[in-house]
Amino acid sequence: MKNITRNTLNTSKFLVILSLFMSILSCSDYLDVDTDTDNPTVAPINQLLTGIQVNIGQVADFQFFSADILQVYTHQFTAREEQDQYGAKADNVLMNNDWNNVYIGLTDIETLLSQAGESGDEIYVGIAEILKAYLMSVAVDLWGDVPFTEATLLEQGNVSPSFDDQREIYASVLELIDEGKSKIQSGQGIAPSTDDLFYGGSNAQWIKFANTLKLKLFNQIRLSDLFDVAALNALLAEDNFMSSIADDFQFNHTAAQAPADERNRLFLDAYGGAQVTKYASPWFYEILIGVNPNIHTNNPDPRLPYYFVNQLLPGQFPRDQGDSVTGDPNADYWDAATGFFSIRFGSIGPDRDGAVQNDATFPGIFPCGGRYDDGAGFARTINSGTGVAPKRILTYDEFLYIQAELMHEGLMPGDAGAKLREAMTASFAKVDQVVAGTGTSQTVPVLAGSTAVTTFLDNVMNEFNAASDEKKLEIIMTQKWVATFGDPMDQYNDYRRTGYPVLADPNGPSPEYQLDNGDGFPLIDNLTVLNNDFQVSFFWPQRELNLNQNAPPSQKDPTTYKIFWDN
């Protein structure tokens with residue numbers, strides 16, 4: 001070690017002397033040059049836009065980000081980690097990663113705003129303002145009060161930005177959307193093209209997205225004192241929203257694996273490791289197969305084989321932990337009729353922590369570009385799917401569900417039931433679109449227009465038409481929750497706003513689950529527990545509280561600290 005250190009020091013001295021010598025020889029040739037053209041210090045605005053959009057695509061995503069928490073909180077997946085039983089802690093890496101994502105993105109957006117503003121490229125300015133509005137709305141939705149007005153003043157020496165009031169941030173967000181629209185509509189400056197990963201430089205689609213985002217936010221704040229019914233009516237009168245799935249705001253993943261892996265993050269997380277990291281929620285599953293006694297009973301959802309894929313064949317006995325001698329499947333949740341295999345939310349059962357990589361059910365072709373469940377079973381590997389599926393952020397079918405909710409609440413003219421059916425129809429079409437784009441080698445049936453889909457829609461509408469007003473809201477929100485599988489951010493918002501969908505509750509009425517294989521090894525309700533209250537916001541990163549002198553003086557209680565629109 002001493003010899004290595006000595007040699008390194010000698011080499012360093014030689015390089016310093018050599019560099020000084022070369023600078024003396026060459027300075028006369030370059031005294032009049034003060035810019036290194038080979039190493040620019042300012043990134044072109046088109047490269048900035050692309051980088052910002054990649055960052056936006058990662059916010060609240062899977063694989064290292066907060067979707068791994070939210071997927072459990074919204075009961076579409078379950079987990080063995082601390083997010084089970086709503087137990088994420090203040091030092092949770094997933095939450096902290098998204099905090100960093102937000103402020104890296106915000107810093108880059110401010111750089112783009114400055115440079116594009118100076119060069120008069122108003123279209124870039126407008127897009128940046130809309131993305132800033134989206135990003136800060138997500139920050140408020142997750143944490144409440146956060147740094148905003150002082151968040152990007154590091155170059156001015158501000159290392160401890162104050163936390164802004166969440167309601168005031170939202171008011172600024174709504175203003176930013178309007179400002180962004182105006183800048184795009186001006187048409188001034190150069191126009192984005194392939195550097196715009198969302199809309200390829202289509203000004204018309206950016207305006208549609210801006211209006212649809214604003215409608216979403218109005219719906220979100222409709223029970224708060226920030227809600228402005230006149231502003232909502234003006235937006236509705238403008239009537240320039242998403243008009244088809246071609247307008248979806250989503251980050252499109254590809255099959256490329258180098259220089260960076262561009263496949264869907266949920267796919268990489270679920271299919272890429274040796275262990276099982278994504279357990280399908282039995283609560284969600286029972287709603288999809290139509291056995292939940294309180295919603296969509298006896299109305300199986302045709303999307304199930306597109307949403308989840310079973311490794312086990314129907315009727316196949318579990319291989320990893322099953323005891324063929326006693327007939328005990330040693331499974332926390334296993335449906336013998338279909339092969340669905342997972343763990344329950346809040347399980348403390350003896351079979352929760354077994355190694356089940358050969359039996360577990362996985363996310364399917366729609367949420368992540370995985371495998372379609374053709375009923376033939378499979379052995380999961382990274383080659384089981386393509387990983388080519390978008391990260392859906394705000395889509396046309398979601399917009400239709402928002403309209404249905406506004407109509408139901410009397411805030412928008414129209415028939416809520418007819419709009420619900422339109423939204424569900426668009427949701428099935430979205431599944432078909434995603435499947436067609438995966439490049440799968442499987443033969444996958446088209447959903448739209450099929451008899452099974454028509455029957456399902458008819459049954460939901462019969463249930464809706466016979467329901468009370470409160471039950472109608474539950475049906476709208478439940479169908480939105482089902483349709484947006486794989487995008488838990490807005491599901492988390494919707495549950496906090498409305499209380500729907502109804503989620504699994506180990507402390508609720510028994511039986512919690514309806515499964516009964518009739519094999520003498522029934523589910524035992526008291527082997528699921530809930531020891532924590534629902535977290536209605538995220539902890540602030542503890543590191544931020546420790547280092548930022550202007551941060552709140554103490555950590556919040558995320559079970560009581562509400563976002564201002566949460567009623």
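**Exercise 1.** Find which element gives the most to the lining of the largest cavity.

*Solution.* Start with the answer: strand 10 leads here, with four residues in that lining. Helices (H or I, at least four residues) and strands (E, at least two) are DSSP runs, numbered from the N terminus. The structure above is a predicted model, where local features need pLDDT of at least 70 and side-chain atom pairs 80 or more, while totals for chains, interfaces and linings use all residues. Residues are numbered from 1 along each chain as its sequence is written, and side-chain values use heavy atoms, without hydrogens and water.

Next, look at the partners of strand 10 (391–394): helix 5 (122–143), helix 7 (203–220) and helix 17 (488–498) also supply at least two residues each to the lining of the largest cavity. Finally, go to the middle. Of the 16 lining residues, Y134, K216, I393, M489 and D490 lie nearest the centre of this cavity.

**Exercise 2.** Work out how many cavities of 30 Å³ or more the whole structure has, and what volume the largest cavity and the second largest cavity have.

*Solution.* First, the count: a search of the whole structure finds six cavities of that volume. A cavity is a set of points on a 1 Å grid over the protein atoms alone where a 1.4 Å probe fits but cannot get out; lining residues have an atom within 4 Å of a point. Second, the volumes: the largest cavity holds about 110 Å³ of space, and the second largest cavity about 70 Å³.

Helix 14 has the largest share, three residues.

**Exercise 3.** Say where the largest pocket has its centre and which helix gives the most to its lining.

*Solution.* Begin with the volume, about 830 Å³ for the largest pocket. A pocket is an open set of grid points with protein on both sides within 12 Å along at least five of seven lines. Then find the centre: of the 25 residues that line this pocket, Y103, T107, A151, T152 and L154 are the closest to it. Helix 4 gives the most, with nine residues.

**Exercise 4.** Decide which residues of helix 8 are buried and which are exposed.

*Solution.* Step one: in helix 8 (residues 229–238), the buried residues (under 20% relative accessible area) are L232, L235 and L236. Step two: they sit on the same side of helix 8 because they cover an arc of only 100° around the axis. Step three: A230 and A237, on the other side of helix 8, are exposed (over 50%). Step four: helix 7 is included in what covers the buried residues of helix 8. Just after helix 8, D239 takes a positive phi of about 50°.

**Exercise 5.** Is K214 buried or exposed, and what does K214 touch?

*Solution.* Locate K214 in helix 7. K214 is buried, with a relative accessible area of 10%. Now list its neighbours: not counting residues up to four places away in sequence, K214 touches (heavy atoms within 4.5 Å) L174, I177, D178 and L235.

Key:
Points joined across faces, edges and corners; volume = space filled by probe spheres on them. Buried < 20%, exposed > 50% of the residue type's maximum accessible area, 1.4 Å probe, protein only. Arc of directions from axis to C-beta.
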